[in-house]
Amino acid sequence: MRRWQGNGIYFGGDYNPEQWPEETWSEDIELMRRAGVNLVSVGIFSWALLEPAPGRFEFGWLDRVLDLLHDGGIQVDLATATASPPPWLARAHPEMLPRQADGTILWPGGRQAYCPSSPVFRERSLELVRAVAGRYAEHPAVVMWHVSNELGCHNAHCFCDVSADAFRRWLRERYGDLDRLNDAWGTAFWSQHYGDWAEINPPRTVTAFANPTQQLDYLRFSSDELRAQLRAEREVLKTLVRQPVTTNFMIGMGVKHMDYQSWADDVDLVSNDHYLTAADPQAHLGLSLAADHTRGVAGGDPWLLMEHSTSAVQWQPRNVAKLPGQLRRNSLAHVARGADGVLFFQWRASRAGAEKFHSALVPHAGPDTKVFREVCQLGADLKALAEVRGSRVDADVAILFDWEAWWGVELDSHPSADIRYDDRLNALYRALWRAGVTADIVHPSADLSGYRLVLVPTLYLVRDADADALRRFVEAGGTAAVTYFSGIVDPDDHIRLGGYPGAFRNLLGVRTEEFFPLREGERVRLDDGSTADVWTEWLHADDAEVLTSYTDGPLPGVPALTRRPVGAGAAWYVGTRLDEQATDRLVARLLDEAGVRPAAQAPTGVEVVRRRDGERSWLFVINHTDEEVRLPAHGDELLTGTRCAGELTLPAGEVAVVREDRT
């Protein structure tokens, strides 16, 4: 792993000087210094200007930009500029354009108009990487390299003939022979048996439901093709540069088609982009989940927030602006949960193009604005938090997450269209957040030994080894809770026979003989007074204690919630979609049983997270409420320079970071 350079918390954003007259650049540097910016990403969408014609490179403008930034003391995350090919490449090679499942060509005019399997794109993009890296490998401003940008954001899937050939090669490598593929895909069903590799295509538009394992493998293939682009660019960089290499993931934004866990080893530091969902009044909970998940993908190490917004974005149906103080709370919440850098899209709001109404550090109205004043305050805050860099986040709870399970659970022809992979993930996470408890979001193959409680939401697809690891965790004294529609299939999307929940049946001591999904809007009552919807199942508690049963609906008297002692621990099963209050009560019981406590006792709506480095620790407190709050704290508050001698008083909407006394 190539090490991060510099000291303190990174602060800045995407800088696109090519959008502006050169006389603006000096003002940019002056304003960056005023705001405390110390890192900017440069050149992300500059291919057409760096290589205006095949093989003709023009670096003069980028030379001047990098020199100005270095003279101003601002470091650079330099992009390979491969994020979007120039128009001349598509004109010369229209076969590289991506196609949808129905054959529709996606033309240039947006961004990422290329097939990820295109050998033409791969060849030309790597030539650009060699040229850029060869010129700037030793430039003193460059401290990091940025591969492409949001790989797969707009072209995750391509169904063209080039992709079809690549898919067949991928399948040959995965299965070795057609007998193994036919078995994995269950091609005895609907007369789909393949006798020649050439008969296989991507899951293009078909007459009925496409083969589910074909769909699942195509999603795996598509993620791997994008990862191959990342790896190819990284390999070129490794031969030419010494700085660390990263690319920006999109964890926690509903982007499901890249298996970022499998990509994590291909970067020297994990970076992530995150934007709030404006329609969600509790979007800060989703922000926390995304940050915790990014930290999980990074293996618990600090990570870099590569993009978020100072205020509104431009791509949602209703782009709500951030209220005063929200920029600061959002940014420091990411830092609380492991980010060692806070960057934005973008430095200066564009005056033209598709993102001209996207907020920036310098808005259209200029620096005499609420946004820029808050940017300057954040810069000062991050400077005051320099000592936090490199520390890790305390978490006694893990939530298991697998992109392949996400893909599998949301395939078509399933028992209920109302089952969404992120539904129970969000519900359980938000219950933890309201309880003041921090969780790591980790892959099922992660080491679970350091946790007290493991939650398993809707893990439809699971490997035998991962199911065994959960059993060992419980036997060793851990508490685990598994929700409905988990453990149902193996990695080939084949049903685990003998009764649901398949892979977890013996651990949980239960057996479901039939699913009873509910109609839209239908609700059922449980004997503890709670309600549930979406899902019920004919559950037998063969070797488990029944905690709650249905009192009405299709299955009165049938168990809905069970618990089974296993070794020194316990395994719980949640067989229905509990309402929010019941979910909060369930999580409270699980936390109590597992002996998990919050970082500090705080009122509901106050976010409390602890980062730790050896014997030193820092308590982050973010007040999302409209009232002043008080909570116990001992140490020095870094943002105000005051002392907490037993109690912290925090006004509404404010943030505090306490360097805790070692005693």
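In what order do the 6 strands of the open sheet stand?

1. The order in this open sheet is β10-β23-β24-β29-β26-β27, and the pairing is antiparallel; two strands count as paired if DSSP finds at least two bridges between them. The strands at the edges, β10 (392-393) and β27 (642-645), each pair on one side only. Helices (H or I, at least four residues) and strands (E, at least two) are DSSP runs, numbered from the N terminus.

2. A word on the source: this is a predicted model, in which local features need pLDDT of at least 70 and side-chain atom pairs count only at pLDDT 80 or more, while totals for chains, interfaces and linings use all residues. Residues are numbered from 1 along each chain as its sequence is written, and side-chain values use heavy atoms, with hydrogens and water left out.

3. Gly635 has Glu660 of β29 opposite.

4. Strand β1 (residues 10-15) pairs with β2 in the parallel sense over 4 bridges, and Gly12 has Leu39 in β2 as its bridge partner. Strand β2 (residues 39-42) is covered on both faces, with Leu39 and Ser41 buried on one side and Val40 and Val42 buried on the other; buried means under 20% relative accessible area, with a 1.4 Å probe and protein chains only.

5. Helix α6 has 15 residues and reaches 21 Å from its first C-alpha to its last, close to the 21 Å expected at 1.5 Å a residue, where the expected span is 1.5 Å times one less than the number of residues. Among its buried residues are Phe167, Trp170 and Leu171, and what covers the buried residues of α6 includes α7 (178-185) and α8. Gly176, which follows α6, has a positive phi near 85°.

6. The axes of helix α6 (residues 161-175) and helix α8 (residues 212-240) come within 10 Å and cross at roughly 105°, which makes α6 roughly perpendicular to α8 (angles of 65 to 115 degrees count as such). The axes are lines fitted to C-alpha atoms over the stretch in contact, and angles run from 0 to 180 degrees between N-to-C directions. Residues of α6 including Phe167 and Trp170 meet residues of α8 including Tyr218 and Phe221, contact meaning heavy atoms within 4.5 Å.

7. Helix α11 (residues 326-336) is largely enclosed by the rest of the structure, because 11 of its 11 residues are buried. The buried residues include Arg328, Arg329 and His334. Just after α11, Gly338 takes a positive phi of about 115°.

Technical notes:
Angles under 35 degrees count as roughly parallel, over 145 as roughly antiparallel, 65 to 115 as roughly perpendicular and the rest as oblique. Buried means under 20% relative accessible area, exposed over 50%, partly exposed in between (1.4 Å probe, protein chains only).
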